[in-house]
Amino acid sequence: MARRRRKKRSPIPVIILLAVVAVITFAAVKLYPQISESSASADLSDYFGVSDGQAALVVNDEILEAKGVVRDDQIYIDYDTVATYFNDRFCWDESTEQMLITLPSGTETFTDGDGSLVLIDGEPWLSADCISENSDIDFAVYSSPDRVVARTEWDNIPTETVTQDSKVRTSGSKKGETLTTVSAGDTVVLTQNDDAWCQVSTEDGFIGYIEKSSLETGDELTHTPDPSFSYSKISLDEKINMGWQYTETDDGISNLATLTNGTGVNVVSPTWFTVTDKKGTVNSLAGSDYVEQAHNSGISVWGCFQDVADDDGVSADDYLQTEDVRQKIISSLIQYATDVGMDGINLDIETVTEENVRYYLQFIRELCQAAHEENLIVSVDNYTSTYTQYLNRAEQAEVADYLVIMGYDEHTAGSEEAGSVASLPFVEQGITDLLDEGVDASQIINGIPFYSRGWTYTSGGGVPTSETLAMGDQQSWADSHGIELSWDSSLGQYTGSVTTDDGTTYSIWIEDDKSIEEKMKLIEKYDLAGVAEWRLGLEDAGVWEVINNHLQ
């Protein structure tokens with residue numbers, strides 16, 4: 001009988017099966033590290049960049065390069081870092097080695113060794129407790145590792161609510177090392193929003209990643225200001241029409257009635273006070289008869305403390321750095337003000353450098369505190385922010401009652417090219433810059449010029465010369481040089497220029513009723529506190545009707 005031959009099986013299915021197994025095994029080996037969850041914890045000292053004796057500083061969801069130091073279980077932070085990131089109201093007096101801060105409640109002083117301040121290599125470091133107690137910020141101290149976590153900005157800060165206990169990792173992946181763990185119900189600040197992972201900042205200073213599925217949108221971060229850090233203000237209950245009266249002698253009273261009669265001016269600021277030396281000696285031209293006459297006309301008097309040049313070798317940098325000198329000036333100003341019955345003080349200090357602006361701001365704080373105790377208004381003059389952004393007008397506005405923008409001197413006697421004293425775009429930019437810096441319109445007084453400049457370029461070219469012209473002298477100057485004036489709506493002024501046969505060029509940009517009205521429209525548009533005029537006696541009489549029509 002014949003044997004049935006067994007049919008051979010094909011090896012192909014086995015090969016395919018082995019291949020599939022191999023692919024699955026390979027994929028598992030390759031993908032496992034990517035989908036597996038790391039259980040490793042980050043080295044937090046490395047993460048914060050601190051070593052023994054140091055403390056990390058986390059401000060507004062940023063780990064600073066600067067570090068604090070730990071001494072006697074207290075964290076200290078260097079003065080420059082404090083001023084830059086935490087609170088710029090602290091003021092170091094190098095001559096006495098004292099740290100000052102002027103708050104609404106008064107001025108506090110800290111010295112080396114009192115627990116609030118230490119000197120390290122001659123430089124001041126403030127304790128965390130001192131910073132916290134004297135600052136209206138969110139501030140907390142943590143350990144392991146030592147760190148300070150602070151927030152000074154709260155506008156438009158989005159938050160997320162944690163929906164389940166979750167790990168915050170060093171990267172947007174489960175392979176990231178764990179920084180910390182957050183619990184369901186915790187609030188974190190959202191710093192970066194991606195598809196699967198979000199970068200967040202935790203309350204205790206960790207900035208890392210959490211799965212988006214563990215978060216839901218929360219409210220924007222808010223901060224309730226502490227009223228004990230809010231400075232009091234004094235203001236008039238009407239729009240301000242302030243005229244500066246320039247005087248170099250004490251006979252200003254003889255011109256007061258003439259300068260203000262029928263003008264609508266309700267505040268006059270005579271240039272009464274100057275500093276004569278580095279010791280803070282104040283020269284005064286103040287007089288009670290002047291104040292009495294002004295009051296009888298319904299006009300307030302804000303005596304002007306003026307420092308616009310250092311011809312005598314004295315500048316603000318010389319006399320504002322030392323507390324004793326500042327206090328001498330302030331005491332003198334307050335005494336003169338109360339003696340003659342003044343209503344306020346106008347600061348016109350224009351010699352402050354960026355290097356020493358902190359002393360200038362401290363002077364304003366100290367003066368405002370002393371002045372407000374006597375019910376005196378304080379206004380502070382400022383150039384437009386194009387030139388002096390470093391003066392920190394927002395901080396000035398925190399303590400002073402009014403800020404005056406000197407909306408003129410767009411081109412000055414020292415300018416290298418001819419141009420307008422106060423073109424409309426220049427004036428408006430000065431206003432909007434101040435508003436953008438956070439100063440409220442109700443504190444802003446816009447200064448306008450009662451003068452212009454007549455410019456001359458000689459045939460040889462180079463830098464032009466100029467002469468200051470009162471409003472009543474502008475037309476005759478233009479006529480004398482054969483200049484035909486035309487209205488430039490982009491500048492809000494009449495302007496003209498002519499070149500003579502010998503190559504000399506004469507140019508002028510006029511300030512008159514029409515140009516002043518354009519500036520007053522800006523004051524009305526932005527609902528500012530009022531207007532100030534530099535200076536009384538240079539104007540045409542008709543300009544007052546224009547001004548007052550826009551202050552109703």
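Predicted model: local features only at pLDDT ≥ 70, side-chain atom pairs only at ≥ 80, totals over all residues.
Some housekeeping: local features need pLDDT of at least 70, side-chain atom pairs count only at pLDDT 80 or more, and totals for chains, interfaces and linings use all residues. Residues are numbered from 1 along each chain as its sequence is written, and side-chain values use heavy atoms, with hydrogens and water left out.

Let's start with the helices. Helices (H or I, at least four residues) and strands (E, at least two) are DSSP runs, numbered from the N terminus. The axes of H8 (residues 323-340) and H9 (residues 357-373) come within 10 Å and cross at roughly 35 degrees; axes are lines fitted to C-alpha atoms, for helices over the stretch in contact, with angles from 0 to 180 degrees between N-to-C directions. Contact here means heavy atoms within 4.5 Å. On the H8 side the meeting residues include Ile-330 and Leu-333, and on the H9 side Phe-363 and Leu-367 are among them.

Now, what does H9 lie across? Strands S5, S6 and S7, with H9 running at about 50 degrees to S6.

Those three strands form an open antiparallel sheet in the order S5-S6-S7. S5 (90-93) and S7 (106-111) are at the edges with a single partner strand each, so one side of each has no neighbour in the sheet. Neighbouring strands are turned by 25 degrees against each other on average, direction ignored. Strands pair if DSSP finds at least two bridges between them; S6 (residues 98-103) and S7 are joined by six. One to find on screen: Ile-101 has Glu-108 in S7 as its bridge partner.

Thanks, everyone!
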